[in-house]
Every structure is written in C-alpha cells, then in structure tokens.
Amino acid sequence: MSAETVPGKDSATAEALDGPLLEAHGIEKAYPRGMWPLRHRVQVLRGADLTLTPGEVVGLVGENGSGKSTLMKILVGALAADAGTVAYAGRLGYCPQEPVVYERLTCDDHFELFGRAYAMTDEAARHSRSALYAALGFERYATTRADQLSGGTLSKLNLALALLADPEVLLLDEPYAGFDFDTYLRFWDLVAQRRTAGRSVLIISHFVTDEHRFDRILQLRDGGTVPK
Ligand SMILES: Nc1ncnc2c1ncn2[C@@H]1O[C@H](COP(=O)(O)OP(=O)(O)OP(=O)(O)O)[C@@H](O)[C@H]1O
Ligand SMILES: [Mg+2]
C-alpha cells in the first residue's frame with residue numbers, strides 16, 4: 001500500500017483503504033497567474049474526490065481547462081496538491097497527455113529503461129514489450145528513435161510504456177487522441193484485458209462516443225467530480 005498525504009489533510013484514508021485500488025479525497029489545486037501587480041491564483045480543483053475499485057474502467061470528462069490533467073498529475077504524484085489525500089495500492093501506470101520520451105532513444109531503448117525502472121526481469125520486460133508491439137502494431141519501429149516517430153506511433157509508445165509492467169492502476173490522459181480507428185479498437189481490447197485481470201483504469205477523454213465501454217463516467221465541473 002502506498003499513500004501520499006498532501007498538506008491540509010490527514011492520511012487516515014490510506015490505512016482505511018481496503019477495497020479500492022485508488023482513493024483521492026478533497027483534492028485542491030490553484031495555479032498562480034499573471035504578473036505583478038495583477039498576479040493572482042486561479043483555483044482549478046476545489047475538493048475533487050475519486051475512487052477506483054478493482055476491475056473498473058472509469059472515464060473522466062470535462063471541458064478544456066477544467067482540470068482533468070491537473071487531477072491526474074496529482075493522482076500519479078507528478079504534481080503536488082494544495083490539499084487533499086491520495087492513497088493507492090500496487091503500482092501506477094501513467095500515460096501523460098503530452099508524451100514524455102527521450103528523443104535520442106529508440107522504442108526498444110525506452111522499454112528497456114522503463115522495464116528497469118519498474119524492476120522487471122529482462123525476460124518479463126521482453127515478453128510484455130513483444131505483446132504490446134503486437135497489440136498496438138508498431139513493432140517495425142522498434143529501432144527507430146523517438147524523434148523520428150509519427151505522432152500516432154509516439155502515442156502508441158507513450159501508452160505502451162504505461163502498460164509495460166501491468167500496473168494495478170492505469171491512469172491514461174487522452175491515450176487514443178492520435179490513433180487510427182483500428183488502433184483505437186486494439187486499445188479497447190487492451191483495456192478489456194486489464195479490466196478482466198482486476199486492474200483499475202481511469203481514462204481522460206473528450207468525446208465519449210463509446211460510453212458503453214466505460215463502467216462509470218465522471219465529469220470534472222467547478223473543480224469537483226460529479227457522475228455523468
Ligand atoms: N503549470 C501551470 N501553470 C499555470 N496554470 C496551469 C498550469 N497547468 C494548467 N494550468 C491551468 O489550469 C487549468 C486546468 O488545466 P488542465 O491542463 O488540468 O485542464 P484539462 O482539463 O486537462 O484541459 P484539456 O482538456 O485542454 O487537456 C487551465 O486553466 C490551465 O490553464
Ligand atoms: Mg488535459
């Protein structure tokens with residue numbers, strides 16, 4: 001069990017976390033904006049709550065700038081909240097909205113690097129890598145440098161790195177934005193496999209055209225999450 005406590009709240013929820021794989025309570029976040037003397041803080045999250053239980057696929061929607069990526073960055077620990085608690089069990093896999101890759105490294109290099117970071121055995125990393133190349137159809141780019149990949153292939157690498165260690169909790173920020181339709185369908189196959197295996201998946205999406213693919217959809221509105 002891992003727990004992160006952010007200022008202003010206690011960590012009681014972390015110990016109380018039994019069923020859910022991830023639980024966030026009362027998340028608040030403001031960003032500074034403007035130059036002095038007009039400098040002020042813009043409140044983006046005002047006590048957002050979110051719970052993910054094993055085997056559920058949850059959608060997170062909301063208009064541009066509503067704070068979806070901010071919330072996900074806080075869940076994954078990439079950004080500090082001003083208040084609230086985040087607790088989770090197992091490992092987190094994160095697919096950021098903007099791919100974070102090393103320009104000079106190939107796809108294979110990335111898998112090797114992330115496999116080590118996740119403390120996977122070489123065999124497990126190779127096995128998972130092959131399955132992901134096949135599932136998303138980008139094996140032919142295995143030895144291509146990241147700065148020479150097309151936008152869609154870069155998105156595949158970004159997603160595959162989040163899936164590599166088969167984490168208990170998957171946090172995906174608009175993962176299929178650059179995918180062609182065939183890849184989009186393959187993406188949902190991968191998600192279905194994870195759901196069957198009892199993983200929790202949170203997917204930020206703009207246009208939820210396939211609502212039936214989600215178990216629940218949450219909307220971020222006025223800094224809080226409400227069922228859609
Ligand atoms: N590093 C930052 N510094 C200042 N303001 C920020 C920063 N990051 C985000 N914001 C602001 O916080 C608000 C929420 O941004 P966020 O990226 O979380 O929205 P989003 O819901 O993911 O939007 P989109 O649908 O466009 O991806 C926006 O008004 C944005 O301008
Ligand atoms: Mg975003």
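Before going on, the conventions. This is a predicted model, where local features need pLDDT of at least 70 and side-chain atom pairs count only at pLDDT 80 or more, while totals for chains, interfaces and linings use all residues. Residues are numbered from 1 along each chain as its sequence is written, chains are lettered from A and ligands numbered from 1 in the order in which they are written, and side-chain values use heavy atoms, with hydrogens and water left out.

Back to ligand 1. Helices here are DSSP runs of H or I with at least four residues, strands are runs of E with at least two, and both are numbered from the N terminus.

Next, polar contacts, meaning pairs of N or O atoms within 3.5 Å. An oxygen atom of ligand 1 sits 2.7 Å from a side-chain N or O atom of Lys-68. For Asn-64 the corresponding distance is 3.0 Å, and for a polar side-chain atom of Gln-97 it is 3.0 Å. Ligand 1 taken alone exposes 640 Å², of which the protein buries 65%; areas are Shrake-Rupley with a 1.4 Å probe.

Now the metal. Which residues coordinate the magnesium ion, ligand 2? Ser-69 through OG and Gln-97 through OE1, at 2.1 to 2.2 Å. Donors are N, O and S atoms within 2.8 Å of the metal (3.2 Å for Na, K and Ca), and water is not among the atoms, so sites may look incomplete. Ser-69 is in helix 2 (residues 68–76) and Gln-97 is in the loop between strand 6 (92–95) and helix 3, so the pair ties together parts 28 residues apart in sequence.

Buried means under 20% relative accessible area, exposed over 50%, and partly exposed in between, with a 1.4 Å probe and protein chains only. Ser-69 counts as buried because its relative accessibility is 17%; Gln-97, at 36%, counts as partly exposed.

Last, the interior. A nonpolar core is a set of buried Ala, Val, Leu, Ile, Met, Phe, Trp, Tyr and Cys residues joined through side-chain atoms within 4.5 Å. The largest has 37 residues, and Phe-111, Leu-172, Phe-187, Trp-188 and Ile-203 touch the most other members. Helix 5 contributes the most to this core, seven residues. Apart from it lies another core, of 27 residues, including Ile-27 and Leu-171.

Conventions. Polar contact = N/O pair within 3.5 Å; in protein donor to acceptor, adjacent residues only side chain to side chain.
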